[in-house]
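Student: I have a model open and would like to go through it with you. Can we take it a piece at a time?

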Amino acid sequence: MPSPLLHDRRLGTHTALVKLLVSEIVESWNVLFSKPDMPSYTKYVSNATDFPSEDYYDYIIMGGGTAGCPLAATLSSRFRVLLLERGGVAYGNQNLMTQEGFLASLMDVNAFDSATEAFTSEDGVPNVRGRILGGSSAINAGFYSRADQEFYKRSTFNWDLKLVNESYDWVERAIVFRPELRNWQSAFRDGLLEAGVDPYNGYSFDHVVGTKTGGSTFDTLGRRHSAADLLKYAKPLNIRVAVHATVERVILPSSTSSPVSRQSAVGVVFRDRSGRYHHAMLRKHGEVLLSAGAIGTPQLLLLSGIGPRPYLASWGIPVAHHLPYVGQFMFDNPRNGISIVPPIPLEHSLIQVVGITESGAYIESASTVIQFASPAHSGFLRTPAAPLYLTVATLMEKIVGPVSAGSLRLASTDVKVNPIVRFNYFNSPVDVQRCVNGTRKIGEILRTRSMDDFKFQGWFGNKDFRFIGPALPLDQFDFDEMADFCRHTVSTIWHYHGGCIAGKVVDRDFRVIGIDALRVVDGSTFGISPGTNPQATLLMLGRYVGQKIMNDRKGGYKMYFRYCGCRLTLSSGHAPTSRLVWIGFVSLSKDSNYLSLSNRSNSQTDLETGLLTSLGSISQLRAKVSSERYRGEKRRDAERELARVNFSTRQNLSNQCLTRGANTRSTQRTAYIPEHTDNVMQLHLWERGINPYAVSIRITLLCCVP
């Protein structure tokens, strides 16, 4: 049936068609450039200044980065979790949220609060760290590829490969997308195949020899999805995320009662932006989890007194535990390659295709648009009215491993000062050989027909590339010349790792050796880079360790809520009656799907007593807070008044419930949990042994304090 718009007599057919076309274009434009909705996880993200001076948690995670965010989201499904991030939130920062802003975000640095924190290793190679919720996954090139099988074999961790694959799947369903290959990436793919990096394995997350298209954390509109987006799977009731929270140290007891007893982490100290100190403490059976990355985690261990005894003593740091290899075995995969200016404009593309060779090197590529700046005070070039832009294409190789190792040491006892790092690039001849193999392969790719379109026509009919920076040596069969090229053009691909490697600093379950209730869950535990790019493995690692921890605690798990305001509705064949009551203590056992309602002394509370007992002002206050009629200042007044109810009042109310319960028939009641939501939990309780018919009691937990 024709559109009614086409028969609008006032507009005419031609005008109607134009109007329809324009409306579709406007709609498409709005989809492309509309501001995305604020992520759901921001609802439980707060500035560190809003946190109390002391609070208690089941798990405290230091570092809201690539591994820390999925770790926090996973553990929050059953435990109370605090996630501490020293940076801010990426939402609203155009450079961080789009692939076109990749280079700009890397260069937009300052010493205080930029999302990218710059540092230079003692090797003289500039490098960066992520200082933002999402960590380096919020500033990287977005390429996603799983680890190689050799990584699992060479790791000392006790990997459950079934759970590993499930953890990868969990990440991929949420934030990984299939990139669309356009001009440059398609030509690069074809060049790899012509150069013998075969077969073509298509679109794949797996690490297999040959050429493949990997995943991307940029969606089809070019919007970034970082590890922070995995926080949408967190249970809001159980998680708190503090940004601009700088962790000073892990809290360890100053002494132990027995020479054979082990040290145990009990919490952390962090500071907010105003300089105020906060103490986050562990509940029973809780743990501190370090996910601050290969630079931050060894630095925090050293500042907490965990490291080589003589070295810590030289800084005047009290030694909590002698662990000689903290900060040792630091690795960074060197990057070498060439950049060209093509004669034709190219799309903006980050890493999408990778060539996995059998000679110890991975080949990747990117194309980007950069602004051209004319030389200052040039008499030959007039400054243009509008900025000029150049397209630059880069071919790069990253070596497997590496074998060369360095170290990290403190530059200050101030945690905000970057530690001093040396990676010792190409200290091992194995790494040099792999780099020579990789750069020779780049030369082969440049000589393929797929690259001909990116050469300039010369004066005498010859075609050649226009290089920015050093070109490959002319004699690429000369090993010494190629090795010199590797050493003199070395840069980083930002895949540094180590400093707390397994078997030296942590055990097979990521626990810090010799310290209870303290684990490391990040790339500092790796002695080898996983596959072509570590992002996928670090995202998996957070989910994986979270699942392992929960599996280890099955059977003994309980979630606790203190002082819950509860709405109880009683139905027994008559019209339902509803009443707001206060229950002193609630414990929820997820494994058995049963809820028990208890008072402060953990005795069973009689639900019938709870229904019949008037709790006076507390009930009235809770009713005020929950009432739709109370808005604005009145609601805040009621909340403040409720907060002033002291412990003794609550204890008296609990005793009152106990007294009344003794005068009624005391029968154990259990509650099966058929369903629950993030904010409200509805349960159907029944009594056995009191009435011949079922008495249904529905409880809605309101304003629970974990």
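Student: Let me begin with a cysteine: is C69 buried or exposed?
Tutor: C69 counts as buried, because its relative accessibility is 0%. Please keep in mind throughout that this is a predicted model. C500 is another cysteine to look at, and it also counts as buried, at 0% relative accessibility.

Student: How many disulfides does a search of the whole structure find?
Tutor: The search finds one disulfide, and it joins C435 to C486, with an S to S distance of 2.1 Å.

Student: Which parts of the chain does that pair tie together?
Tutor: C435 lies in helix α10, residues 429-446, and C486 lies in helix α11, residues 479-488, so the pair ties together parts that are 51 residues apart in sequence.

Student: And what is the handedness of the disulfide?
Tutor: The torsion about the S-S bond of C435 and C486 is about -100°, so the disulfide is left-handed.

Student: Are those two cysteines buried or exposed?
Tutor: C435 is buried, with a relative accessible area of 0%, and C486 is buried as well, with a relative accessible area of 1%.

Student: Switching to the strands, what is the order in the open sheet of four?
Tutor: The order is β23-β22-β17-β28, and the pairing is antiparallel. The edge strands are β23, at 420-422, and β28, at 497-498, each of which pairs on one side only.

Student: Over how many bridges do β17 and β28 pair?
Tutor: Strand β17, which covers residues 328-331, pairs with β28 over two bridges in the antiparallel sense, and M330 stands opposite G498 in β28.

Student: Which helix lies across those strands?
Tutor: That is helix α8, residues 293-303, which lies across β17, β22, β23 and β28 and runs at about 50° to β22, the strand at 406-409.

Student: On to the rings, then: how many aromatic pairs does the count come to?
Tutor: The count comes to 19 aromatic pairs. One of them is formed by F151 and Y152, whose ring centres are 5.4 Å apart and whose planes are at 75°, so the pair is edge-to-face. F423 and Y425, by contrast, form a tilted pair, with 5.7 Å centre to centre and 50° between the planes.

Student: How buried are the residues of those two pairs?
Tutor: F151 counts as buried at 0% relative accessibility, and Y152 is buried with a relative accessible area of 9%.

Student: Which residues do ring pairs link into a cluster?
Tutor: The cluster linked by ring pairs consists of F151, Y152, F157, W159, F510, F526 and Y544.

Student: What about charges, which ring does R189 sit over?
Tutor: The charged end of R189 sits over the ring of Y200, 5.8 Å from the ring centre. There is also R543, which lies over the face of W170 at 4.3 Å from the ring centre.

Student: Last topic: where is L103 found, and is it buried or partly exposed?
Tutor: L103 is found in helix α4, residues 102-107, and it counts as partly exposed, at 30% relative accessibility.

Student: What is L103 in contact with, leaving aside its neighbours within four places in sequence?
Tutor: With those neighbours left aside, L103 is in contact with T368 and I370. As for N140, which is 37 residues from L103 along the chain, the C-alpha atoms of the two are separated by 9.4 Å.

Conventions
Residues numbered from 1 in each chain as written. Predicted model: local features only at pLDDT ≥ 70, side-chain atom pairs only at ≥ 80, totals over all residues. Heavy atoms only, no water. Pairing = 2+ DSSP bridges. Contact = heavy atoms within 4.5 Å. Axes fitted to C-alpha atoms, helices over the stretch in contact; angles between N-to-C directions. Phe/Tyr/Trp six-rings, centres within 6.5 Å; stacked < 30°, edge-to-face > 60°. Buried < 20%, exposed > 50% of the residue type's maximum accessible area, 1.4 Å probe, protein only. Lys NZ or Arg CZ within 6 Å of the ring centre and 35° of its normal. Disulfide = S-S within 2.5 Å.
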